[in-house]
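Dear colleague,

I am handing over the structure we spoke about, and you will find it just below. Please look through it first, and then read on for what was found in it.

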Amino acid sequence: MIPDVDNDSIVYLNGQYKKLAEATISVLDRGFIFGDGIYEVVPAYQGKPFRMKEHLARLERSLAALEIRCPLKAADWQSLVANLLQQHGPGDAMVYLQVTRGVARRDHAFPVHALEPTVFGMVSPFTPPGVAQRTQGLSVITIPDERWLHCEIKSVSLLGNVLAKQQAVRAGVDEVIQFRNGFMSEGASSNIWAVRNGELLAPPRDNLILEGIRYGFMQELAQAAGIPFSARPISREEVDSADELMLTSATKEVLPITRCNGKPVAGGQPGPVYAALRAGYDAALRSL
Ligand code: PMP
């Protein structure tokens, strides 16, 4: 039995639905041995996945980057997600999907024979951010980005992100903002946004960040609200003197960052650009 989870919840593993506690894989799975795999987290509201098409497109991009054969067709992923959500029932949920290269004799290089990728899916309850987080905002610390140079792949090799998040936990804050060579990259599990002079700024979509599914969505929301947007390197000084900071992720949606390294960000209150984007996000969720 696994503590802290619903062991009786139904998961998907390699074509079968079974109880979480009974879903097991080989110790030689390359996901276990090398972190050789990718994942996705799709948020769902009252049984309806949000931005599913974009999540599946990113899943395919991640697989292609690692030269792992995409084991299911788009329609099969969709029914897998629908089946898991049906098992879960009506509440808000997040669907976790993972694909690894498969099971083989331990050897770093890709196995020469064709492998059957391991496919895993599970669903768990998800509580969208409440009034307290939306109005008080989140706290962060800044840390050096010590991860590898392929952050654009949503790989399960997450040790750098795990160690970064643990620094946040130790510091008693919600998230970190990572910096590489003096420029902002992202959080341990979120994209970070700055606002300067009314303009929304994000780091470029390159190999130094994971392009969140909310990255493109925030651009759409900014455009609809008439907020100028730039993707460009953002320096340490620009973050320190930003008018607003915020973060996005599947489960945090969009939230203001109101404390950084123990000091208030701007006035320590969520700002007007956040409020406009948040309103757009909520409207999109209402129309799901
Ligand atoms: N960057 C990292 C490192 C992440 O782990 C995540 C998501 N958990 C994001 C950005 C945000 O991506 P998304 O909007 O797709 O959740």
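The chain is divided into two parts, domain 1 (10-125) and domain 2 (131-286), and please keep in mind throughout that this is a predicted model. The C-alpha centres of domain 1 and domain 2 lie 26 Å apart, and where the two meet, 20 residues of domain 1 are in contact with 19 residues of domain 2. Between them an area of about 1,700 Å² is buried, with carbon and sulfur atoms giving 64% of that area. On the side of domain 1, Tyr39, Arg51 and Arg58 together supply 36% of the area that this domain buries against domain 2, which is more than any other three residues supply.

Eight residue pairs in polar contact, with both residues at pLDDT 80 or more, are counted between domain 1 and domain 2.

Turning to the elements involved, those that give two or more residues to the side of domain 1 that touches domain 2 are β3 (37-45), α2 (52-65) and β5 (93-100). Of these, β3 gives the most, with seven residues. By residue type, the side of domain 1 that touches domain 2 divides into 11 nonpolar, five polar and four charged residues.

With best wishes

Methods. Residues are numbered from 1 along each chain as its sequence is written. This is a predicted model: local features need pLDDT of at least 70, side-chain atom pairs count only at pLDDT 80 or more; totals for chains, interfaces and linings use all residues. Side-chain values use heavy atoms; hydrogens and water are left out. Domain bounds come from an automatic or database domain assignment. Contact means heavy atoms within 4.5 Å. Buried area is the accessible area (1.4 Å probe) that two parts lose on being put together, summed over both. A polar contact is a pair of N or O atoms within 3.5 Å; within protein, one must be able to donate a hydrogen and the other to accept it, and residues adjacent in sequence count only if both atoms are side-chain atoms. Helices (H or I, at least four residues) and strands (E, at least two) are DSSP runs, numbered from the N terminus. Ala, Val, Leu, Ile, Met, Phe, Trp, Tyr, Cys and Pro count as nonpolar, Asp, Glu, Lys and Arg as charged, and the others, Gly among them, as polar.
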